[in-house]
Amino acid sequence: MKLRHLVRSIALFSVILMLLLASGCEYGSKVWHDTQNYVDPNPEITLKNPGIQNPDDNKLALLFTPVDEKVLSLIDLLSTVDTHPDENWFKMVFMRYPWISGIMTVDEEANVLVRLPEAGIKPFKPGPLVEYEGDWSEINLKSFVSYSEFGPEMYLCTPFFKDAEFKGLVVIHFDPRILLNFCPDPQKLIIMQPDGGGIWSGSDKVDKDALLKVNWDSLLDNSVHGVVNVNGIRYVWLSRYVGDTQILYLTQAVSKKDEDDGFLFF
């Protein structure tokens, strides 16, 4: 069963990639003023692109793929790290990803070695790193979302070594809400961490309590994507892992067919 879901997930992303290459769509929005220079102020969405025939899948693909692309790019960057980065590497990351909150390196006990910027508004709570008892040499990426009164912060962590011995972690962190800047229509996209209670959208009309009451554990045990009815509103959703953090991308379904609720097939 799990193999079947994995095959579906791979097929989904392959189709999405072909869709984007065919459409050449641009993306961006003015959700956050501090990144408005990097986004398209007049985005458009069309559901007429033939790349994905199902209008629900097509809509979600156009909305979430530019967002997901940013996260995948960060993951690819961290995958190249194996020793403590030098100053030029830190500069390069900030130039390439001006929307991140910061970068730090920590030792084996999660004590901060280098932190840029030196001071941050949100407190760094390294609990998931300190509590990990596995072999860091077998880990490519760990991740977690920390919640505070100042909002959520997502941490992506990869180990670094010296003389083949584990010496600490390189950590890149950002506010997940900022990813909505890269969506062509952020009011139509919802990003959610189902087991952490975080729900982020460009719209203030999302019924977050209702979404959190959905039995996501049951749905995610059976599929990586589908359609769910929440208080009469049908949402098409897709599950993604960022390291070991599971997130969902959701948007209101375009179709009206209730008999398709539950699962989508490609």
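## Salt bridges and an open sheet

Asp175 forms a salt bridge with Lys122, and their closest N and O atoms are 2.8 Å apart; a salt bridge here is a side-chain nitrogen of Lys or Arg within 4 Å of a carboxyl oxygen of Asp or Glu. Asp175 sits in the loop between β5 and β6 (190-193) and Lys122 in the loop between β2 and α4 (127-130), so the pair ties together parts that are 53 residues apart in sequence. Welcome to a predicted model, in which local features need pLDDT of at least 70 and side-chain atom pairs count only at pLDDT 80 or more, while totals for chains, interfaces and linings use all residues. Residues are numbered from 1 along each chain as its sequence is written, and side-chain values use heavy atoms, leaving out hydrogens and water.

**Salt bridges**

- By this rule the count comes to eight salt bridges.
- Both Asp175 and Lys122 are buried (buried means under 20% relative accessible area, exposed over 50%, partly exposed in between, with a 1.4 Å probe and protein chains only).
- Lys122 and Asp175 also belong to a network of salt bridges that links them with Glu153 and Arg177.
- Within helix α3, Lys91 and Glu87 lie four residues apart, about one turn of the helix, and their side chains meet in a salt bridge at 3.4 Å, N to O.
- Lys91 counts as partly exposed at 46% relative accessibility, whereas Glu87 is exposed at 55%.
- Glu165 and Lys167 form a salt bridge whose closest N and O atoms are 3.8 Å apart; Glu165 is partly exposed at 47%, and Lys167 is partly exposed at 30%.

**The sheet**

- Five strands make an open antiparallel sheet in the order β2-β1-β5-β4-β3 (strands are DSSP runs of E, at least two residues, and helices are runs of H or I, at least four, numbered from the N terminus; two strands pair if DSSP finds at least two bridges between them).
- β2 (112-116) and β3 (142-148) stand at the edges with a single partner strand each, so one side of each is left without a neighbour in the sheet.
- β1 (residues 102-106) pairs with β5 (residues 165-174) over five bridges in the antiparallel sense, and Gly102 has His173 in β5 as its bridge partner.
- β1 and β2 pair in the antiparallel sense over four bridges, with Val106 opposite Val112 in β2.
- The hairpin of β1 and β2 has five residues between the strands, and Ala110 takes a positive phi near 70° there.
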